[in-house]
Amino acid sequence: MRCLKVDPGKRFCSTHESLQACEDIGAMKRALKLLRRSAFKKAEKDYASRSPRYVLHIETYTDPILRQQSRDLFEPINPEAKALDIGCGQGDASTCLQEKTEDGEWQPSVLEIHYIDITPEMVQKGIERGIIGDSKFVRRVNASERLPYANDTFDYVITRYFIHDLNPDEKRNLFRDVGGILKSSGKFQIIDMVADSEESKRLYNLYHSRKTKEAYRQCWIPTSQEYYELFAESGFENIKEDSYVSHVNTIDWFNGGQITKERLDLLNGIFRNEIDKGDHVKEYFNLRETEDGNILVDFPVILICGEKYLG
Ligand SMILES: C[S@@+](CC[C@H](N)C(=O)[O-])C[C@H]1O[C@@H](n2cnc3c(N)ncnc32)[C@H](O)[C@@H]1O
């Protein structure tokens, strides 16, 4: 079976193309499904191991400035609304639809917030942190497959730092599904990294596929224009945008348990190479190295929100 001669440790990559060329469509679909499953198993394992220290070292996950920017794009907030957080992790993205009381508790500003994720350990941590308040609204769902909700269920859908893991077809499918489960004039907001050129896409892919303990994924980071196209193709309008910069450094990835020492050295080498080249990529990510060998990276982040077309 020519189709199944693939390395399931890699997600799509060259194997994706060779599978697409395969004549036996049934076998191709089964093989793609197996590849996808194995990739998501690895993603789940990776996030499960990272969950205890997940928010500790990376500012962007809990940054109140980003939360406020995200809330602003949803305003005016309807207190009767139902919301969904896709790839919710510990639920930090949808805190934009919550408020913190004086005694530090999170209270939803909307009627219900629903959560989906593939990694139970991440969600469990969100429950322990008091962010995910009602576990009956949590579902363990692979968001690259169909979303298990009826049409016209939600007023707000948010997804943050998740869809870069979806390939272009999966992204389109997600937009189509979100378009279905949103009510008319419901809002869909994405917060994620943004590319500006083929060169910046190349660096995103290079670092991302080497960032985890096992190399299991490429990432597909759209340009701002490509995000707009995804919204427009799926019938969204009134698209609004904001921007944010996620300041990270490679030592924090190591201290946060995201990467091993070996991966730290590998990633530092990749970034140093870009710093030495000194071209557009270095500038776009504002790459620099401190005296003690820590590499600083500023990831440009887009917040983009569209409204489901009333028809
Ligand atoms: C980088 S974290 C972001 C978490 C959260 N959205 C935030 O902004 O803090 C990505 C999350 O997506 C989840 N995830 C990855 N692939 C997924 C999939 N196919 N379906 C659902 N969740 C997925 C992971 O388990 C992880 O919790």
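Predicted model: local features only at pLDDT ≥ 70, side-chain atom pairs only at ≥ 80, totals over all residues.

Modeller: The largest nonpolar core has 42 residues, and the ones touching the most other members are Ala83, Ile86, Tyr115, Phe154, Tyr156, Val157 and Val178. Take Ile86: leaving aside its neighbours within four places in sequence, its contacts are Ile116, Ala143, Val157, Thr159 and Phe162. There's also a second, separate core of 18 residues, with Cys219, Val281, Phe285 and Ile295 among them.

β10 runs antiparallel to β7, joined by seven bridges, and here Ile191 has Leu303 as its bridge partner. β10 is also antiparallel to β8 (residues 236-249), this time through 12 bridges, with Asn249 standing opposite Leu296. Then comes β9 (residues 288-289), which pairs with β10 in the antiparallel sense over two bridges; Arg288 has Leu296 as its bridge partner. The hairpin of β9 and β10 has five residues between the strands, and Gly293 there takes a positive phi near 85°.

Last, the ligand. Of the 21 residues around it, Gly87, Gly89, Thr119, Ala143 and Arg160 come nearest. By class, that shell has 12 nonpolar, five polar and four charged residues. α2 gives the most, with three residues. Domain 1 (6-50) and domain 2 (57-199 + 217-243 + 302-308) both contribute to the shell, so the ligand lies between them.

Conventions
Residues numbered from 1 in each chain as written. Core = buried A, V, L, I, M, F, W, Y, C linked by C-beta atoms within 7 Å. Buried ≥ 20, exposed ≤ 12 C-beta atoms within 10 Å, placed from the backbone. Contact = placed C-beta atoms within 7 Å. Near = placed C-beta within 6 Å. Helix = DSSP H or I, 4+ residues; strand = E, 2+ residues; numbered from the N terminus. Nonpolar A, V, L, I, M, F, W, Y, C, P; charged D, E, K, R; others polar. Domains from an automatic or database assignment. Pairing = 2+ DSSP bridges.
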